[in-house]
Amino acid sequence: LVIQLTDDEKFLWKDMALEECERLGRENAKDIIACGFDPKRTFIFSDVNYMCTPMYKNMMKIAKCVTLNQVRGIFGFTGESNIGQVGFPPTQAAAEFPIGGYKPALIESRFFPALKGESGKMSASDATSAIYVTDTAKEIKNKVNKYAFSGGQLTVEDHRRIGGNLDVDISWKWLNFFLDDDEELAKIGEEYSSGRMLSGEIKAKLIETLVPIVEH
């Protein structure tokens, strides 16, 4: 006989402290034991204690603080999202936000864009979406020249007049990650956005920067 004590369910549905729900679960276990079930053939467990660690308790406390409307707004969940996705945020947050402990330290970082542009993503199933550490110099050159999304204009004349769009140009964005010389980077940004540097030239600079890194 397996008997599950759902003290976590009680906590989520009732206006009670988690510790009180655990205590009531133990009292329920005593009542069950008093019925005289064979101890050798009976397994009684509490969700909080059996699955548990302090992390699960934190998950419960975090989950109770967030409404479905809030989590929909934050993560964009829809009616097609599975319940595992909806229930996962407290699992992730529990490790980062210990209840009653020190405030977590957050590191702000920029997403590394896919080679084909911000609207796509890097994928192991699409070799043209990224530069791999196993790529040869020739492959890197081909990928950057052929697939790196450009913020340049359609014609050289328009590019000279309007300049390159740094907000979308992948070569520029990647150089921000890989080019160590800040002064050179600033100069490239100025040259490209003004139209004095062409798309092929900024791609060539990215290739020149990437190849030694990958080959090393």
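**Note on helix packing in the predicted model**

1. Helix 7 (residues 137-147) packs against helix 11 at an angle of about 145°, and their axes lie 9 Å apart. The crossing of helix 7 with helix 11 is right-handed. On the helix 7 side the contact uses Ala137, Ile140, Lys141, Val144 and Asn145; helix 11 contributes Lys203, Leu206, Ile207, Leu210, Val211, Val214 and Glu215. Sorted by class, this contact holds 8 nonpolar, 1 polar and 3 charged residues.

2. Helix 11 (residues 199-215) also packs with helix 9 (residues 170-178), at an angle of about 35° and with the axes 9 Å apart. Here the crossing is left-handed. Ser171, Trp172, Trp174, Leu175 and Phe178 of helix 9 meet Ile202, Lys203, Lys205, Leu206, Thr209, Leu210 and Ile213 of helix 11. The residues of this contact comprise 8 nonpolar, 2 polar and 2 charged.

3. Helix 4 (residues 54-65) has 12 residues. At 1.5 Å a residue it should span 16 Å, and its end C-alpha atoms are 17 Å apart, so the two values agree. Its buried residues are Tyr56, Asn58, Met59, Met60 and Ile62.

4. On confidence: this is a predicted model, with a mean pLDDT of 90 for the protein and 94% of residues at 70 or more. Helix 10 (residues 182-194) has the highest confidence, at 97, and helix 6 (residues 83-96) the lowest, at a mean of 82.

Technical notes:
Residues numbered from 1 in each chain as written. Predicted model: local features only at pLDDT ≥ 70, side-chain atom pairs only at ≥ 80, totals over all residues. Heavy atoms only, no water. Helix = DSSP H or I, 4+ residues; strand = E, 2+ residues; numbered from the N terminus. Expected span 1.5 Å × (residues − 1). Buried < 20%, exposed > 50% of the residue type's maximum accessible area, 1.4 Å probe, protein only. pLDDT = per-residue confidence, 0-100. Axes fitted to C-alpha atoms, helices over the stretch in contact; angles between N-to-C directions. Left-handed = near helix turned anticlockwise from the far one by under 90°. Contact = heavy atoms within 4.5 Å. Nonpolar A, V, L, I, M, F, W, Y, C, P; charged D, E, K, R; others polar.
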